[in-house]
Amino acid sequence: MKYGYYNYYITDIGEDVSAITKELETYADKVVVESLSYAPRYFELLDEVKEGDTIYVYDIQRSCGGLGDLVDTLKLLVNKGVRFVSIQDGLTVDDSEIGRCTMQALIVAQTLTGVDPIHGKFL
């Protein structure tokens, strides 16, 4: 099954949520839209998906709380055999060679966020 997700908790003035929802509907069979900062429907969706499913998000910043959260979410999805696609960011993580390389790059980036840029040591 193909799922779409968008959280408009922090919405830019003038952002057309209905247009974003319609775009997600072109990719997904079921679209989940919510406006709560703690994203309960997103976590329900992460529990619901199974091997072979795909989650389409409109953009990454509306589906995670930072790089660490993104990596943790992607690890969970990859382990379940679920494909993750961010439409605006052009990011796809799945079990393909490119998807695995993308995941590895994100893991490396996550570890670097805790490094002191002057001394190269973890903070």
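Residues are numbered from 1 along each chain as its sequence is written, and side-chain values use heavy atoms, with hydrogens and water left out. The model is predicted, so local features need pLDDT of at least 70 and side-chain atom pairs count only at pLDDT 80 or more, whereas totals for chains, interfaces and linings use all residues.

## Overall fold

The chain holds four helices and five strands. Both are DSSP runs numbered from the N terminus: helices are H or I with at least four residues, strands are E with at least two. In sequence order the pattern is β-α-β-α-β-α-β-β-α.

The chain has 123 residues, and 38% of them are buried. Buried means under 20% relative accessible area, exposed means over 50%, and partly exposed lies in between, with a 1.4 Å probe and protein chains only. The accessible surface of the chain is about 7300 Å². Carbon and sulfur atoms account for 54% of that surface. Areas come from the Shrake-Rupley method with a 1.4 Å probe; for residues, only the protein chains shown count as cover.

Contact means heavy atoms within 4.5 Å. Take the contacts between residues at least 6 apart in sequence: 68% of these join residues at least 24 apart.

## Nonpolar cores

A nonpolar core is a set of buried Ala, Val, Leu, Ile, Met, Phe, Trp, Tyr and Cys residues joined through side-chain atoms within 4.5 Å. The largest such core has 22 residues. Within it, Ile55 and Phe84 touch the most other members. At least two residues each come from β1 (2–7), α2 (40–48), β3 (54–57), α3 (67–80), β5 (91–93) and α4 (97–112). The most come from α3, which gives four residues.

What does isoleucine 55 contact, beyond its neighbours within four places in sequence? Its partners are Tyr3, Leu45, Leu46, Val49, Leu77, Val82, Arg83, Phe84 and Val85.

## The α2–α3 pair

Two packed helices are described by the angle between their axes and the distance between the axes. Here, the axes of α2 and α3 come within 10 Å and cross at roughly 25°. Axes are lines fitted to C-alpha atoms, for helices over the stretch in contact, and angles run from 0 to 180 degrees between N-to-C directions. The two helices are therefore roughly parallel to each other. The cut-offs are under 35 degrees for roughly parallel, over 145 for roughly antiparallel and 65 to 115 for roughly perpendicular, with the rest oblique.

On the α2 side, Tyr42, Leu46, Asp47 and Glu48 take part. They meet Thr73, Leu76, Leu77 and Lys80 of α3. By class, this contact has four nonpolar, one polar and three charged residues. Ala, Val, Leu, Ile, Met, Phe, Trp, Tyr, Cys and Pro count as nonpolar, Asp, Glu, Lys and Arg as charged, and the others, Gly among them, as polar.

## Single residues

| Pair | Sequence separation | C-alpha to C-alpha distance |
|---|---|---|
| Lysine 30 and glycine 4 | 26 residues | 6.2 Å |
| Tyrosine 8 and leucine 36 | 28 residues | 7.9 Å |
| Glycine 99 and valine 78 | 21 residues | 9.4 Å |

Lysine 30 sits in strand β2 (residues 30–34). Its relative accessible area is 33%, so lysine 30 is partly exposed. Leaving aside neighbours within four places, lysine 30 contacts Met1, Lys2, Tyr3, Gly4 and Glu48.

Tyrosine 8 is in the loop between β1 and α1 (17–27). Tyrosine 8 counts as partly exposed because its relative accessibility is 33%. Beyond four places in sequence, tyrosine 8 is in contact with Val17, Val33, Glu34, Ser35 and Arg62.

Glycine 99 lies in helix α4. With a relative accessible area of 1%, glycine 99 is buried. Its contacts, neighbours within four places left aside, are Thr92, Val93 and Asp94.

Is serine 63 buried or exposed? At 7% relative accessibility, serine 63 counts as buried. Serine 63 is in the loop between β3 and α3. Not counting residues up to four places away, serine 63 touches Tyr5, Tyr42, Val57 and Phe84.

Alanine 39 is in the loop between β2 and α2. Alanine 39 has a positive phi of about 50°, although it is not a glycine. Its relative accessibility is 8%, so alanine 39 counts as buried.
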